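Subject: Structure for you to look at

Hello,

Here is the structure I promised to pass on. Please open it beside this email and follow along.

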Amino acid sequence: MIRSLLFAVQMYVAMGVLGLVFLPAALVSPDGAIRACKLWCRWVRWTARWMIGLRTEVRGTPPHGPVLVAAKHQSFLDVILIFAALPRPRFVLKAELMRLPVFGWYVGRLGCIPVEPGRKGETTARMIAAVGRNTGGQVVIYPQGTRVPVGEDRPYRYGVAALYGHLNQPCVPVATNVGRFWPLGLRRHPGLAVVEFLDPIAPGLPPDLFLTLIEARIEASSTALLDTDHDPHRHA
């Protein structure tokens, strides 16, 4: 527990320090914000390995063009690993996160999409309007709408299907097991935390079929990752 606490403290201190150091570059261009966040992700992964014995891997082939990424969300660590793997990610996130110091300003510079809670139809319409046409980056959405701890079950929401139909772009599902090692609270556990980019789903499927397909793929692969230990084919 002490090591977990020390790890958490230095992680957020590093966020503040890098945020201030890169502030001039981030003010000039979003590229400066991307460089700052990529460096912070590398720092977290490196310190997690030697401070708490938590190794990380990114499996599969991260996309580089304009796509929709639909990911399993178990903890802040899957956000870090996905961000580190994608060239220009834009996360759909709760609007309240935009109000956090340092973190909120940077995700705004990255072009992330804040979503205010409300009626289901209104929330989806506002999200689609905020996303626009996605001509250059990777839009990352969590289909269950929130962090779901290992062992819990939450429905996959219609918003991801609406966004898939709006963008008319491939969708790359992402599975993970990170919640096993980085659960809610401060305690962290040693092991191998993985996010895995699965085969893309072509655009044009009916919404109900698409929703069924991504849920089946993500859940089956995430369950399989809970027993993972090592894979020689990995991305640093």
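A question to begin: does Pro89 count as buried or exposed, and why? Pro89 counts as buried, because its relative accessibility is 2% and the cut-off for buried is under 20%. Keep in mind that this is a predicted model.

Now stay with Pro89. This residue sits in strand 3, which covers residues 89-94. Pro89 is then in contact with Phe83, Leu110, Gln138 and Val140. Val67 is 22 residues from Pro89 in sequence, and their C-alpha atoms are 9.7 Å apart in space.

Compare Asp31, a residue of helix 3. Asp31 counts as partly exposed, because its relative accessibility is 35%, and that class lies between the 20% limit for buried and the 50% limit for exposed. Asp31 and Gly136 are 105 residues apart along the chain. Their C-alpha atoms are separated by 13 Å.

Next, the whole chain. The secondary structure comes to eight helices and seven strands. Along the principal axes, the C-alpha trace spans about 50 × 45 × 35 Å. The radius of gyration is 17 Å. A compact globule of 236 residues would have a value near 18 Å, so the two agree. Buried residues make up 50% of the chain. Take the contacts between residues at least 6 apart in sequence: 73% of them join residues at least 24 apart.

Then the inside. In soluble globular proteins, nonpolar side chains tend to be buried together. Here the largest nonpolar core has 47 residues. Trp40 and Phe91 touch the most other members. Helix 3, residues 30-52, gives the most to this core, with 10 residues.

Look at Phe91 in detail. Leave aside its neighbours within four places in sequence. Phe91 is in contact with Val79, Ile82, Phe83, Cys112, Ile113, Val140 and Tyr142.

The chain exposes about 11500 Å². Carbon and sulfur atoms supply 61% of that area. There are 26 positive and 16 negative charges. Their mean positions are 8 Å apart.

Best wishes

How values were computed:
Residues numbered from 1 in each chain as written. Predicted model: local features only at pLDDT ≥ 70, side-chain atom pairs only at ≥ 80, totals over all residues. Heavy atoms only, no water. Helix = DSSP H or I, 4+ residues; strand = E, 2+ residues; numbered from the N terminus. Rg over C-alpha atoms; globule rule 2.2 N^0.38 Å. Buried < 20%, exposed > 50% of the residue type's maximum accessible area, 1.4 Å probe, protein only. Contact = heavy atoms within 4.5 Å. Areas by Shrake-Rupley, 256 points an atom, 1.4 Å probe, with all protein chains shown as cover. Lys, Arg positive; Asp, Glu negative; His and termini not counted. Charge placed at Lys NZ, Arg CZ, Asp CG, Glu CD. Core = buried A, V, L, I, M, F, W, Y, C linked by side-chain atoms within 4.5 Å.
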